[in-house]
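Welcome, and please open your viewer. We will take this tour one selection at a time.

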Amino acid sequence: MSKRRGNGEGAIFKRGDGRWTATLTLEQGRRKSYYGKTRAEVADKLAAALTERQNGSLIPREQVTVSAYLERWLRDAAAPAVRATTMMGYERMIRLHINPNIGKTRLARLTPEALSRLYRELLDQGMAPKYVRLIHALLHRALKQAVRWRMVNVNVADAVDAPSAPRREFHALNAAEARRFLEVSLTDSNHALYVLALTCGMRQGEILGLRWADVDLDGGWLSVSQQVQRIGKKWVFSEPKTSRGRRRLALPTIAVHALREQRIRVASQRLKAPAWEDHDLVFPNLIGRPIEKQNLMRRSFKPLLERAGLPNIRFHDLRHSAATIMLAMGEHPRVVQERLGHSTIAVTMDVYSHVMPGLQEESAARLDKVFAAS
C-alpha cells in the first residue's frame, strides 16, 4: 500500500518484494531512493534527506555555487568556531564583496584566475589591501573546509597570492608629549581612560569593556578579560582573541589614583541618572552603557590633542606610545609583549623595533666596552 506526501515532500511505499521504499524528487526532476525493511526505517531516512536538501547538501557537487557553499560553511563550520564579531565580519565580506562577484560561479569551477581577478577589481575600486587580504583569508579557510568535505579536490586559494599590505605608519608620543597630554586631560571626565591607554597599552575595546570586578586598586592591578564592540545596534562583549590577550597588568601609582577618582565619578553619575543599565563598567556613559567610540573621539580625544598642541593621531596610537615609551626606558621587550597582550615577542619586535633607532647603537656601544676590556 502506497502512502504519498505533498509535492516535494517525498513518497513512501511498500514494494512487491516486501521492502519499503522512500523517494525524493530533487532539482531538475532527479530522484533519490531510500530502502529499508520497515516503514519507520525509510521514514527516518527520508526525514534526514529532507533536512539535507533544505540545508543544500543534497545538491550534486558539480552544481553547488560559491554563494550556496559559503552559506553552508558559515552555518556549519564557521559559526561554531569563531566569535560573534568575527562571524558578522565574515557575513559582511561575503554579502558585499564575494557573492556579487563570484557568488554564482560553480564551486567546482572556481579557478585561481577568478580569485586573482576578484582581488584586483576590489583594489581598483579603492579597497585597502589589508581588507582584501582578509577576504583572501576567509576564502582560503572556507575552501580548505570544502576540500575536507570532498566538495572540491584542491583549494584554489593556495595558488593565489594575497595583495601585500604596506605597514601602516603610526605616530607615537614620546614621554614629554604623553605627560603633556595627560596634564591637559586632568579636567576631562575621561582622564583615567587615557591614563590606562598610555601606561598599560590597552586596546580601546579593552578599556571600554573593563569592569570594576576586574580591578583591584588596593593590590594595584587589573585583569583584561573582555572587550566590547558595537555591531550594528548591539553592544557585543567578548573575550580577547588570544590567551595572551587575557592578561593581568600591574598598575602604576598614577593609574591607581586616576581610577579611584573615576570610581567616585561613576558613583555620582549613577545617582544622577534617571535609569541605569548596569554592566559594571569602569568607563560607562551617562546611563551605564559603553561609551560610543565616535563620541569619545569627537567630544574628548581630538579636542584634547588640539589643546595640547599635539599631532592629530589615532586613539590606537596611544597604545603604540605606551610601547615605545617603555622600550625607550629600557624595559625588556618580553615585559612590553606581556603588557600589550601580543601573541609572541616576535610581533612586539616586528612592530616596534623600527621606531627605536637608538637600540642598535646602544648595543654596539656595549659590545665595544666588552671587547675593549678584554
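Are Phe181 and Phe301 buried or exposed? Select both: Phe181 is buried, and Phe301 is buried too (buried means under 20% relative accessible area, exposed over 50%, partly exposed in between, with a 1.4 Å probe and protein chains only).

Before going on, note that this is a predicted model, where local features need pLDDT of at least 70, side-chain atom pairs count only at pLDDT 80 or more, and totals for chains, interfaces and linings use all residues. Residues are numbered from 1 along each chain as its sequence is written, and side-chain values use heavy atoms, leaving out hydrogens and water.

Keep those two rings selected. Rings of Phe, Tyr and Trp (its six-membered ring) pair if their centres lie within 6.5 Å; planes under 30 degrees apart are stacked, over 60 edge-to-face, and the rest tilted. The count by this rule is 7 aromatic pairs. One of them joins Phe181 and Phe301, edge-to-face, at 5.8 Å centre to centre with 70 degrees between the planes. Because Phe181 lies in helix H6 (residues 175-184) and Phe301 in helix H10 (residues 293-308), the pair ties together parts that are 120 residues apart in sequence. Helices here are DSSP runs (H or I, at least four residues), numbered from the N terminus.

Next, select Arg248 and Trp221. The charged end of Arg248 sits over the ring of Trp221, 3.9 Å from its centre (for Arg, CZ is within 6 Å of the ring centre and within 35 degrees of the ring normal).

Finally, pick Phe371 in helix H14 (residues 358-373). Phe371 is exposed, with a relative accessible area of 59%.

Definitions and conventions. Helices (H or I, at least four residues) and strands (E, at least two) are DSSP runs, numbered from the N terminus.
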